[in-house]
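User: Could you take a close look at one part of this structure for me, with the cut-offs spelled out as you go? I would like one connected walk through the aromatic residues and what surrounds them.

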Amino acid sequence: MAILSTIGGNGSLFVGEDKTFRLELLDSTYDPAVVGSGVPIDMAGMTLVFDIRKKDASPAPPIVTKTPTLTGVYNAVRAVNTQRALATLSDDDMNLFQAKTYRYSWKRLDAGVETVFSWGNFSPQKATAP
């Protein structure tokens, strides 16, 4: 089950800053309205990508594609699970954006199990120069 969510807005994401994005992968029992719901899924061995494009259907190459690293230790008990996929964008990466809305996705790219885990708007803001 893919989760639709927005990254940015409300002063949380700016052009030119260093930023790390985190993914905790949960099964289909996850309900955003229920705290602590969902059973963690082990991401070890998965080929993951964090992708940002102008539009979902943009034929051009993505503005940024990052291969995340895994951190933490997997545990099927969510309260104990610390495994996360981390995608880091440097200030140089973030300077590729303007203050407008783009589209992002977290995906699994393994043959036969390609899956979108999360997608939505990526909306950086612009503060003072540079």
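Analyst: Trp119 has a relative accessible area of 28%, so it is partly exposed; with a 1.4 Å probe and protein chains only, buried means under 20%, exposed over 50%, and partly exposed in between. This is a predicted model, in which local features need pLDDT of at least 70 and side-chain atom pairs count only at pLDDT 80 or more, while totals for chains, interfaces and linings use all residues. Residues are numbered from 1 along each chain as its sequence is written, and side-chain values use heavy atoms, with hydrogens and water left out.

Trp119 sits in strand 9; strands (E, at least two residues) and helices (H or I, at least four) are DSSP runs, numbered from the N terminus. If we set aside neighbours within four places in sequence, the residues in contact with Trp119 are Ala2, Ile3, Leu4, Ser5, Arg103, Tyr104 and Ser105, where contact means heavy atoms within 4.5 Å. For Tyr104, which is 15 residues away along the chain, the C-alpha atoms are separated by 5.5 Å.

Let's follow Tyr104 inward. Its relative accessibility is 3%, so Tyr104 counts as buried. Across the whole structure, a search finds six aromatic pairs; rings of Phe, Tyr and Trp (its six-membered ring) pair if their centres lie within 6.5 Å, with planes under 30 degrees apart counted as stacked, over 60 as edge-to-face and the rest as tilted. Phe50 and Tyr104 make a tilted pair, because their ring centres are 5.9 Å apart and their planes stand at 40°. Since Phe50 lies in strand 4 and Tyr104 in strand 8, this pair ties together parts that are 54 residues apart in sequence. Phe50 counts as buried, because its relative accessibility is 0%.

Phe97 and Phe122 also give a tilted pair, because their centres are 5.2 Å apart and their planes are at 50°. Phe97 lies in the loop between helix 1 (91-94) and strand 8, and Phe122 in strand 9, so here the parts tied together are 25 residues apart in sequence. Both Phe97 and Phe122 are buried. One aromatic cluster takes in Phe21, Phe50, Phe97, Tyr102, Tyr104, Trp106 and Phe122.

Asp51 is found in strand 4 and is buried, because its relative accessible area is 5%. Its side chain makes a polar contact of 2.9 Å with that of Arg53; such a contact is a pair of N or O atoms within 3.5 Å, where within protein one must be able to donate a hydrogen and the other to accept it, and residues adjacent in sequence count only if both atoms are side-chain atoms. Leaving aside neighbours within four places in sequence, Asp51 touches Tyr104 too, among contacts that include Pro62, Val64 and Arg103.

Now for the core. The largest nonpolar core has 22 residues, and those with the most contacts inside it are Phe21, Phe50, Ile52, Leu89, Phe97, Trp106 and Phe122; such a core is a set of buried Ala, Val, Leu, Ile, Met, Phe, Trp, Tyr and Cys residues joined through side-chain atoms within 4.5 Å. Two or more residues each come from strand 3 (19-23), strand 4 (48-53), strand 7 (84-89), strand 8 (102-108) and strand 9 (115-123).

Finally, strand 3 joins strand 7 antiparallel through five bridges; strands pair if DSSP finds at least two bridges between them.
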